[in-house]
Protein chains: 2
Amino acid sequence: MANDKKFVEQITSMEEDFAKWYTDIVKKADLIDYSSVKGCMIIRPYGYAIWENIQKILDARFKESGVENVYMPMFIPESLLTKEKEHVEGFAPEVAWVTHGGSERLTERLCVRPTSETLFCEHFANIIKSYRDLPMVYNQWCSVVRWEKTTRPFLRSREFLWQEGHTMHRTAKEAEARTVQMLNLYADFFEQDLGMPVVRGQKTEKEKFAGAKATYTVEALMHDGKALQGGTSHNFGTGFSEAFGIQFLDSDNTLKYPHETSWVVSTRIIGGIIMTHGDDSGLVLPPAVAPIQVVVIPVQMHKAGVLEAAQKIADTLKEAGIRVKLDDSDQLPGWKFSEYEMKGVPLRVEIGPRDLQENKCVIVRRDNREKSFISLDTLVESVQGGLEALRQAIYEKALKNREERTFTATTMEELVEIASTKSGYIRAMWCGDLACELKLKEEADVSSRCIPFGGQPVGTTCVCCGREAKKLVLWGKAY
Amino acid sequence: MANDKKFVEQITSMEEDFAKWYTDIVKKADLIDYSSVKGCMIIRPYGYAIWENIQKILDARFKESGVENVYMPMFIPESLLTKEKEHVEGFAPEVAWVTHGGSERLTERLCVRPTSETLFCEHFANIIKSYRDLPMVYNQWCSVVRWEKTTRPFLRSREFLWQEGHTMHRTAKEAEARTVQMLNLYADFFEQDLGMPVVRGQKTEKEKFAGAKATYTVEALMHDGKALQGGTSHNFGTGFSEAFGIQFLDSDNTLKYPHETSWVVSTRIIGGIIMTHGDDSGLVLPPAVAPIQVVVIPVQMHKAGVLEAAQKIADTLKEAGIRVKLDDSDQLPGWKFSEYEMKGVPLRVEIGPRDLQENKCVIVRRDNREKSFISLDTLVESVQGGLEALRQAIYEKALKNREERTFTATTMEELVEIASTKSGYIRAMWCGDLACELKLKEEADVSSRCIPFGGQPVGTTCVCCGREAKKLVLWGKAY
């Protein structure tokens with residue numbers, strides 16, 4: 001166990017320094033590596049496998065809901081980017097510019113896409129003619145670039161991977177329905193597959209996407225009480241359609257502007273998983289996206305029959321569709337235990353000579369380290385049960401954390417007090433004015449995370465100015 | 001059928017103008033669209049679905065062979081790109097340069113990856129320490145950029161999608177084995193899944209990849225007799241390892257340079273499929289990658305029971321794992337027939353009132369338009385049989401085309417004569433000198449496609465200089 005101890009000691013404790021704990025994990029769990037490209041990350045096989053699992057689940061659900069995948073160019077000519085005024089103001093300050101092709105200076109510089117509304121709209125203008133062409137429900141999986149000053153792996157980097165859905169609809173009602181549908185799809189994915197409880201709500205004018213009429217969001221609360229925007233779904237109305245001259249001939253024979261939506265999740269999700277479920281031994285991965293769901297570790301491997309039994313366990317689980325790894329390397333079991341705890345593998349199966357005699361094995365859950373001795377005859381059911389129990393338990397734990405970290409403030413003093421002594425969501429009423437939102441940022445260093453759907457009022461007056469309140473807002477500090 | 005006729009007439013005939021026929025197809029089959037980004041293409045849903053099927057098949061085979069996926073940054077600092085001398089000379093003239101982030105000039109300009117050897121090597125230098133870390137068998141799916149002067153959809157564009165495998169090995173032998181293994185994997189994919197016969201061989205010094213010790217290739221011959229390089233697999237030896245200082249401690253306790261390979265296929269494959277199998281009615285897609293394998297078209301749709309029967313056929317086929325589409329739109333059957341012929345759907349199932357009475361339907365094969373009347377009781381077997389028959393038939397047809405277009409030349413006069421009057425491969429002996437290779441280019445406008453593995457000599461002297469011949473070479477004109 002000497003080895004074991006040493007390995008675990010390499011991570012900073014979360015209580016001591018959450019930011020450093022995070023950075024330690026992304027490196028020690030082999031999720032990423034740095035390169036000489038400042039602000040960009042290398043996503044290593046273990047990290048990329050998590051992203052592939054995320055993609056697989058979401059992509060299947062997208063397609064079930066009628067989404068078609070496409071691929072747009074990664075470059076946007078400057079003149080195209082600047083076509084929608086609010087949009088370009090939001091993005092121009094943080095784009096990377098290509099100015100030369102080979103040794104020649106380009107006649108017009110191109111930005112590397114920070115997002116692709118403009119490209120999609122140019123394409124839509126080309127291909128949408130009639131109401132029969134609608135709805136058009138497109139998505140692309142790609143990487144985007146934003147020239148951030150300060151970066152952190154998965155949470156904020158100059159290049160990151162994402163999907164961006166872009167849809168066009170005949171009516172405002174249909175566009176709104178798609179915006180909400182995709183938000184709910186994200187919310188279900190976060191809650192059911194990632195074990196991350198989320199709040200569904202609307203962004204304020206200040207926080208919404210550049211060019212959108214309305215931005216909806218799923219917000220998750222991290223272990224340290226800071227918020228993470230998990231996914232967003234935007235209703236653009238006809239703003240881009242008008243800017244790009246996209247019109248369709250409706251059945252009443254008049255030309256109309258279609259209504260647009262877009263919706264996005266990114267590799268940030270991986271940062272969210274780490275900060276929601278991780279602990280001082282490393283990652284804790286939700287089974288749905290874990291590259292390895294079960295690791296089988298033979299104990300006293302050299303004893304007769306042990307390795308064969310471990311192999312048989314692995315084979316049986318694999319056959320049942322479980323992602324399993326047998327580690328029969330010559331490292332000590334204790335080292336292996338630590339290694340797979342660091343990597344957040346949901347279940348560990350141990351088998352040694354005595355277990356073998358008794359036709360059983362040991363299952364250890366990653367989240368609470370609970371050990372169960374189970375019969376090899378019920379191996380698959382026990383493992384499936386264990387994975388499901390872990391999925392529920394990590395959700396419950398995250399929900400409890402959020403509940404304990406959700407506070408209510410009815411006065412500015414209360415709000416400032418909470419913001420300066422605690423970390424989490426603050427529920428408080430808001431009049432709807434930007435001035436109050438800015439004042440909360442200035443005095444309490446919190447931003448509006450969202451106006452939760454169906455949020456129950458906690459008063460009648462704005463926590464800041466005392467005038468009539470329009471909305472309940474969740475305030476907090478965010479990644 | 002008026003509609004039908006009109007639709008088909010929109011494509012240029014292949015015999016009349018092969019290049020225009022190609023461009024017509026990529027547009028009319030809805031594979032791509034152009035955008036305001038010069039030299040880049042929009043891959044539309046139908047085109048992208050073909051790429052997704054290609055990815056799915058290859059990725060599964062890669063993983064079976066031990067490949068792990070990663071993601072590298074899309075930018076390469078200029079100093080990193082220039083680390084391996086031959087490599088930078090090959091790529092620097094055609095890269096896109098990012099010079100500004102937001103409004104600030106970068107201290108060092110970054111190129112958008114034309115290929116990622118340099119990034120992988122920098123990473124390998126970081127993570128490879130011991131022989132226990134080897135082999136490292138990585139791949140990434142991404143887009144790359146090369147600032148081409150003249151572009152054509154799928155065949156040559158400024159941005160394209162590809163996979164690039166990069167592996168590191170303990171011994172030269174193991175690296176060579178991986179290089180060949182991946183070439184064979186590609187060849188099998190082309191021949192078995194895409195119905196495209198390929199020649200496996202080695203590139204000459206002149207044609208090999210910048211920085212490689214040896215480049216192997218699978219070469220396919222298009223309908224018009226021009227060659228297409230389908231996929232390449234490179235053995236780099238220790239060239240990059242030395243340039244990047246990648247060393248591992250071997251079991252004999254000495255530091256050694258690992259041996260590297262890389263292997264690549266791209267969206268060019270889609271261009272190859274079009275030009276191998278397409279005809280004057282449009283695309284012909286190999287079933288393995290066809291987004292729709294079977295289209296079901298109800299005839300006299302308004303008659304009692306027809307639509308229900310068509311739906312049942314579609315459901316039955318879907319249940320059997322076949323990608324099927326029922327077109328119950330209000331277009332005329334003739335229009336639909338043309339539309340799905342244009343899109344290259346392998347099989348069409350027609351069902352009308354009389355078929356219904358007789359418990360049968362009609363299957364029409366896309367490649368030869370052969371009609372069969374089959375019992376609905378054996379629907380699934382008949383459709384599976386039809387798909388398999390088409391797969392074999394398009395392979396045979398392409399093989400026949402290649403055989404008919406493979407010529408032999410033993411003198412320069414013969415070679416020039418063939419090259420100026422015919423289109424295809426020319427088998428001719430070569431002394432191994434660059435001068436002769438250049439002369440063939442100058443006098444016959446052909447390049448060396450490859451030195452086929454196991455190629456049988458067609459003489460003993462170089463077709464160009466008359467000195468002793470070292471190799472049989474396939475010469476040709478290429479895309």
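Two strands are said to pair if DSSP finds at least two bridges between them. The model described here is predicted. In chain B, strand β15 (residues 294-298) is joined to β16(B) by three bridges, and the two strands run parallel. Within this pair, B:V294 stands opposite B:V324 of β16(B).

Both strands belong to an open sheet of five strands in chain B, ordered β16-β15-β17-β18-β19, with mixed pairing. At its edges are β16 (324-326) and β19 (371-375) of chain B, each of which pairs on one side only. From one strand to the next, the twist averages 25°. Helix α13 (residues 379-404) of chain B packs on the sheet, where it touches β15, β17 (347-351), β18 (360-365) and β19 of chain B. The direction of α13(B) makes about 10° with that of β18(B).

In chain A, helix α3 (residues 45-64) has 20 residues. From first C-alpha to last it reaches 28 Å, close to the 28 Å expected at 1.5 Å a residue. Its buried residues include A:W51, A:I54, A:L58 and A:F62. An α-helix has 3.6 residues a turn, so residues three or four places apart point the same way. Just after α3(A), A:G66 takes a positive phi of about 95°.

The two chains touch: 43 residues of chain A are in contact with 43 residues of chain B. Among the elements of chain A that give two or more residues to this side are α3, β5 (96-101), β6 (104-112) and β8 (159-169). The most comes from β5(A), with six residues. By kind, the residues on the side of chain A that touches chain B divide as follows.

| Kind of residue | Number on the side of chain A that touches chain B |
|---|---|
| Nonpolar | 25 residues |
| Polar | eleven residues |

β5(A) pairs with strand β5 (residues 96-101) of chain B in the antiparallel sense, over five bridges. One of the positions in this pairing is A:W97, whose bridge partner in β5(B) is B:H100.

Which residues have the most contacts inside the largest nonpolar core? They are A:V296, A:I426, B:V296 and B:I426, in a core of 282 residues. Leaving aside neighbours within four places in sequence, A:I426 is in contact with residues including A:F407, A:L415, A:I418, A:V446 and A:W475. In soluble globular proteins, nonpolar side chains tend to be buried together.

Terms used
Residues numbered from 1 in each chain as written. Chains lettered and ligands numbered in written order. Predicted model: local features only at pLDDT ≥ 70, side-chain atom pairs only at ≥ 80, totals over all residues. Core = buried A, V, L, I, M, F, W, Y, C linked by C-beta atoms within 7 Å. Buried ≥ 20, exposed ≤ 12 C-beta atoms within 10 Å, placed from the backbone. Contact = placed C-beta atoms within 7 Å. Helix = DSSP H or I, 4+ residues; strand = E, 2+ residues; numbered from the N terminus. Axes fitted to C-alpha atoms, helices over the stretch in contact; angles between N-to-C directions. Expected span 1.5 Å × (residues − 1). Nonpolar A, V, L, I, M, F, W, Y, C, P; charged D, E, K, R; others polar.
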